[in-house]
Amino acid sequence: MNKYFFPIVISLLAIVLTACVTPQRSQSTNVDTPAVASKATMVNDELTFANLDVVRTHHIDLMLNVDFKTQTLSGEAELSLNWFDASARELRLDTRELTIKSVRYLKQEAWLIAPFEMGPVDEVKGRALVIQLPEQASKVKIAYQTAPTASGLQWLSEQQTGSKKFPFMYSQSQAIHARSWIPLQDSPAIRVTYSARVNVAKPLKVVMSAESVARNDEGFHFSMPQAIPPYLIAIAAGNLQYQKMSEQTGIWAEPDILDRAVAEFDDTQKMIAITEALYGPYRWQQYDLLILPPAFPFGGMENPRLSFITPTVIAGDKSLVNLIAHELAHSWSGNLVTNATWNDLWLNEGFTSYVENRIMEEAFGVERAVMEQWLSVASLQRDLDSLAAADTRLKITLDGRDPDDAFSEVPYIKGHLFLLFLEQRFGREIFDPFVKGYFNKFAFQSLTTEQFINYLEQHLLQPNPGVVSMEEVEQWVYQPGLPANSPTPVSSAFEQVAETMAAWRANRIATGALKQVDWSVHEWLYFIESLPADLARRKIRELDRTLGLTESNNAEIQFAWYRFALTNGYREVDPAVAEFLKSVGRRKFIVPLYQLLADLSPQSKVWAADIYRQARAGYHPLAQQSIDKIFAGK
Ligand code: BES
Ligand code: ZN
């Protein structure tokens with residue numbers, strides 16, 4: 001059978017089915033408050049227990065108490081429901097490690113008890129909460145408590161924070177961890193508005209991915225008027241201070257790091273203006289950053305109105321601010337236009353990586369943007385070499401797997417390259433308006449890869465015939481690896497670094513002379529990436545003693561250098577590596593380092609396991625889960 005047959009049939013089916021069941025949305029005049037769908041669209045999200053075909057939540061009201069002593073959130077979640085089937089009475093919700101105390105439903109003015117059952121525990125999905133309603137209630141209220149081990153929360157003790165005086169807690173709901181702190185329909189296919197009232201002991205403060213509307217004796221009040229997929233509901237509590245940067249932007253952080261963060265990220269407003277000029281208005285009013293403790297397992301998380309940011313990008317020289325461009329870009333790609341299922345993650349992350357790079361080009365120049373492309377392609381290449389072929393497709397099939405286990409550079413960088421390929425073929429004068437039109441057309445909706453391809457065909461390929469074929473598109477999306485027509489970023493700055501490297505290797509340049517070069521962090525990263533595997537130990541030591549790489553304070557340089565040094569037996573880095581692993585919890589850095597150490601030699605694995613024993617309690621549950629696997633059986 002023709003290898004394109006299957007995806008084409010699936011796309012056609014998806015299009016036909018969507019056309020049949022997609023309701024006519026009532027056009028809201030205010031772009032920021034989309035109308036609620038009057039009928040359920042088809043969803044095929046295998047990672048939710050929710051019966052979305054018959055009932056959907058459109059608003060969540062939370063009343064929560066943050067208790068650092070028991071490391072739990074407890075309170076109530078009130079879900080407002082739309083029913084699509086007159087005979088349906090059952091409401092199925094997602095939970096994970098939640099203790100459900102009671103379920104009530106609204107009948108006229110009264111809250112009446114509703115019977116419920118917990119389904120069996122599923123390793124990946126958690127546990128269904130199945131509620132039998134005597135009638136189709138418009139509201140259901142669930143009293144519950146989280147577990148201290150909730151996969152979507154991290155509780156940090158005083159010692160684990162910058163101040164060392166106050167504890168800290170925060171959520172990370174993407175992909176399917178919202179259900180570990182709220183009983184809800186945890187699928188990116190639906191959208192909810194939310195409000196919340198949250199209590200915490202003084203003097204701690206609470207922030208959420210929402211507008212802060214009041215603070216009184218009843219706690220911190222929030223309201224999120226824009227409908228968002230549930231994985232974007234977010235909360236944090238700690239000794240937080242706010243500093244405004246501009247009309248629309250500001251930073252929440254613990255006081256010890258606030259000034260440094262403001263200095264590092266003061267281009268944020270400019271980045272918003274750049275993105276608006278390219279892709280239309282920023283639709284979320286405020287854009288703040290929350291600086292998390294170093295244990296945060298990601299670089300950043302695009303929680304709407306309030307991106308969560310790792311402190312490991314505060315390098316002092318703005319060298320890693322592409323992370324801010326990335327999280328901001330999600331305000332269009334991901335938060336506005338959302339992947340319908342986690343198999344379509346590339347629609348979020350590929351577009352975001354592309355937009356991120358366009359922002360960087362505009363803000364810092366084309367050379368920097370190309371250098372960042374080159375470095376990310378190198379990182380993609382490492383993943384392509386190690387992943388199973390099926391996971392190197394843009395549209396993946398999780399097939400019952402945990403989305404956290406299938407996470408890679410593929411949706412990000414292969415997705416970015418696909419969009420760059422289209423941009424280069426069509427030219428920006430055609431491609432930019434197409435992307436802007438796409439964000440507008442699907443604003444506040446979730447869509448599948450097939451819906452995107454259909455839109456692409458109709459709005460880009462067909463109006464500009466003979467530029468890109470559907471076969472090429474389908475190869476990019478459904479076939480493994482990188483197509484032969486993939487763009488290769490060429491950086492003239494890197495070419496010069498390569499020349500210097502060649503001269504140094506041929507002893508035409510002394511190691512000491514490398515101190516004189518005026519290279520950016522990116523050029524140094526390229527230099528480290530291109531160091532030959534057979535470099536003599538003596539040369540490595542000389543390089544390190546001259547340049548002080550082991551002592552670098554730039555997390556990307558540290559990571560690249562430690563990886564090179566360890567791979568090449570230069571174990572003088574060990575104390576610095578141990579320190580790094582104990583102080584940083586970002587998965588992108590620590591998982592590959594532990595993996596490398598475990599693979600190097602049995603002694604090395606024992607050494608790494610010992611560091612892990614000391615560091616584990618400070619890591620996020622997600623990071624623990626990944627690293628436990630490395631040392632399993634020991
Ligand atoms: N949304 C992601 C983080 C994420 C993805 C969490 C999937 C859980 C599941 C975030 O926007 C992200 O991509 N962060 C990157 C930033 C980088 C590509 C600049 C990170 O954390 O490294
Ligand atoms: Zn992202």
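The legends below describe several close-up views of a predicted model.

Residues are numbered from 1 along each chain as its sequence is written, while chains are lettered from A and ligands numbered from 1 in the order in which they are written. In this predicted model local features need pLDDT of at least 70, side-chain atom pairs count only at pLDDT 80 or more, and totals for chains, interfaces and linings use all residues, with side-chain values resting on heavy atoms and leaving out hydrogens and water.

**View 1. Domains of the protein chain.** The domain assignment, whose bounds come from an automatic or database source, gives domain 1 (12-239), domain 2 (337-478) and domain 3 (492-631). Between domain 1 and domain 2 the C-alpha centres lie 29 Å apart, and the contact, meaning heavy atoms within 4.5 Å, takes 24 residues from domain 1 and 22 residues from domain 2.

**View 2. The largest nonpolar core and M208.** A nonpolar core is a set of buried Ala, Val, Leu, Ile, Met, Phe, Trp, Tyr and Cys residues joined through side-chain atoms within 4.5 Å; buried means under 20% relative accessible area, exposed over 50% and partly exposed in between, with a 1.4 Å probe and protein chains only. The largest such core has 155 residues, and those with the most contacts inside it are M208, F265, F418 and F452. Helix 7 gives the most to this core, with ten residues, and the core draws at least three residues from each of domain 1 (12-239) and domain 2 (337-478). Residues up to four places away in sequence not being counted, M208 touches L62, W181, Y194, A196, V198, F222, I233, A234, I235 and L306. Apart from this core lies another, of 54 residues, among them V521, I540, F580 and A598.

**View 3. Helix 7 against helix 8.** Helices (H or I, at least four residues) and strands (E, at least two) are DSSP runs numbered from the N terminus. The axes of helix 7 (residues 410-426) and helix 8 (residues 428-441) come within 6 Å and cross at roughly 130°, the axes being lines fitted to C-alpha atoms, for helices over the stretch in contact, and the angles running from 0 to 180 degrees between N-to-C directions. Helix 7 and helix 8 are therefore oblique to each other, since angles under 35 degrees count as roughly parallel, over 145 as roughly antiparallel, 65 to 115 as roughly perpendicular and the rest as oblique. From helix 7 the contact is made by L419, L422, E423 and F426, and from helix 8 by R428, E429, I430 and F431.

**View 4. Helix 10.** Helix 10 (residues 470-478) is mostly covered, with seven of its nine residues buried. These buried residues are M470, E472, V473, E474, W476, V477 and Y478.

**View 5. W607 in helix 17.** W607 has its place in helix 17 (residues 602-615) and is partly exposed, with a relative accessible area of 26%. Leaving aside neighbours within four places in sequence, W607 is in contact with R571, D574, V577, A578 and L597. The C-alpha atoms of W607 and Y594, which are 13 residues apart along the chain, are separated by 10 Å.

**View 6. Two cis peptide bonds.** The peptide bond from Q174 to A175 is cis, with omega near 0°, and A175 is found in the loop between strand 10 (168-171) and strand 11 (192-199). Another cis peptide bond joins K202 and P203, where omega is about 5°; P203 lies in the loop between strand 11 and strand 12 (205-208).

View 7. Although K164 is not a glycine, it has a positive phi of about 65°; K164 sits in the loop between strand 9 (153-156) and strand 10 and counts as exposed at 52% relative accessibility. N507, likewise not a glycine, has a positive phi of about 60°, is found in the loop between helix 11 (492-505) and helix 12 (521-529), and is exposed, with a relative accessible area of 59%.

View 8. N239 is found in the loop between strand 15 (235-238) and strand 16 (241-244) and counts as buried at 16% relative accessibility. Not counting residues up to four places away in sequence, N239 touches S163, F166, P167, L204, A253, E254 and P255. Q226, in strand 14 (residues 219-228), counts as buried at 1% relative accessibility, and Q226 and P304, 78 residues apart in sequence, are 9.4 Å apart in space, C-alpha to C-alpha.
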